[in-house]
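Q: I have a model open and would like to learn how to read it feature by feature. Could you walk me through it?

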Amino acid sequence: MNTKDKILEAAVKLFTENGFHETSMAAIAEEAGLGKGTLYWHFSSKDELFGEAVIRGGREIIKETHNFIIQEDEGQSAGDILKSFFRLNFKRIYRNKKVIGLFTNTESYFSSDVKKIFFKIHSAIASEVEEIIKLGIKNGEFRNISSRKAAIFIVGSLGAMNGIILEDDMEDIEELVESLYDLVLKGIQEEGR
């Protein structure tokens with residue numbers, strides 16, 4: 001592991017355990033087993049360090065999502081791929097509850113640069129979801145709607161579900177998948193209206 005990776009690993013650990021504001025650069029340097037000078041050689045501020053951690057995490061999520069969609073696309077319906085995508089995201093949230101809680105609880109304190117990074121990550125994930133929607137439209141599973149707007153809505157809905165998952169000790173993932181899928185595909189309007 002190189003020095004930058006050590007710093008990022010230590011920072012994420014301390015941010016997750018203690019919170020962003022309660023974690024000092026000195027504590028990060030100590031956790032990484034480095035001097036403060038070395039830390040500041042790689043990162044000029046805690047905001048920059050946090051931003052880099054977000055970028056790396058986002059890249060992993062985008063890569064995982066892209067690889068998942070390519071793998072699932074072989075012979076499955078768009079609806080099944082969408083359900084599997086929801087399941088993947090809910091499992092990722094459960095797996096990374098503490099880290100996601102950190103981002104959720106400190107979001108209002110992010111610098112504008114970090115907020116831009118979050119927007120790019122969400123946009124990239126929406127682009128992946130858009131391909132699922134396009135497939136569903138092409139196959140006649142979904143009605144002809146704006147695939148981009150639908151993808152943005154879906155990614156936003158997943159983000160809103162984070163709160164439910166973070167607050168509860170354990171939710172039934174399959175129930176969440178089915179509920180979100182039902183709402184996305186059918187909306188809330190009564191049948192026949």
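Q: Let me start with one residue. Where is T23 found?

A: T23 is in the loop between helix 1 and helix 2. Before we go on, the ground rules: this is a predicted model, in which local features need pLDDT of at least 70 and side-chain atom pairs count only at pLDDT 80 or more, while totals for chains, interfaces and linings use all residues. Residues are numbered from 1 along each chain as its sequence is written, and side-chain values use heavy atoms, with hydrogens and water left out.

Q: Is T23 buried or exposed?

A: The general idea is a cut-off on relative accessible area: buried is under 20%, exposed is over 50%, and partly exposed is in between (1.4 Å probe, protein chains only). T23 has a relative accessible area of 1%, so it is buried.

Q: Which residues does T23 touch?

A: Contact means heavy atoms within 4.5 Å. Leaving out residues up to four places away in sequence, T23 touches L14, F15, N18, I28 and K46. For L14 there is also a polar contact, that is, a pair of N or O atoms within 3.5 Å; within protein, one must be able to donate a hydrogen and the other to accept it, and residues adjacent in sequence count only if both atoms are side-chain atoms. Here a polar atom of the T23 side chain lies 3.2 Å from the backbone oxygen of L14.

Q: Now the wider view. How many helices and strands does the chain have?

A: Helices (H or I, at least four residues) and strands (E, at least two) are DSSP runs, numbered from the N terminus. The chain has nine helices and zero strands. Buried residues account for 39% of its 193 residues. Of the contacts with a separation of 6 or more, 67% are between residues 24 or more positions apart.

Q: How do I read a nonpolar core?

A: In soluble globular proteins, nonpolar side chains tend to be buried together. A nonpolar core is a set of buried Ala, Val, Leu, Ile, Met, Phe, Trp, Tyr and Cys residues joined through side-chain atoms within 4.5 Å. In this model the largest such core has 50 residues, and I28, L49, L82, F85, F86, F90 and V129 touch the most other members. Elements giving two or more residues to this core include helix 1 (3–18), helix 4 (46–72) and helix 5 (78–95). Helix 7 supplies the largest share, ten residues.

Q: Which residues does F85 touch?

A: Not counting residues up to four places away in sequence, F85 touches T65, F68, I125, V129, I132 and L158.

Q: How are aromatic pairs described?

A: A pair of aromatic rings is described by the distance of the centres and the angle of the planes. Rings of Phe, Tyr and Trp (its six-membered ring) pair if their centres lie within 6.5 Å; planes under 30 degrees apart count as stacked, over 60 as edge-to-face and the rest as tilted. There are four aromatic pairs by this rule. In one of them, the planes of F15 and F20 are at 45 degrees and the centres 5.4 Å apart, so the pair is tilted. F20 also pairs edge-to-face with F50, at 5.1 Å centre to centre and 65 degrees between the planes. This second pair links distant parts of the chain, with F20 in the loop between helix 1 and helix 2 and F50 in helix 4, 30 residues apart. F15, F20 and F50 form one aromatic cluster.
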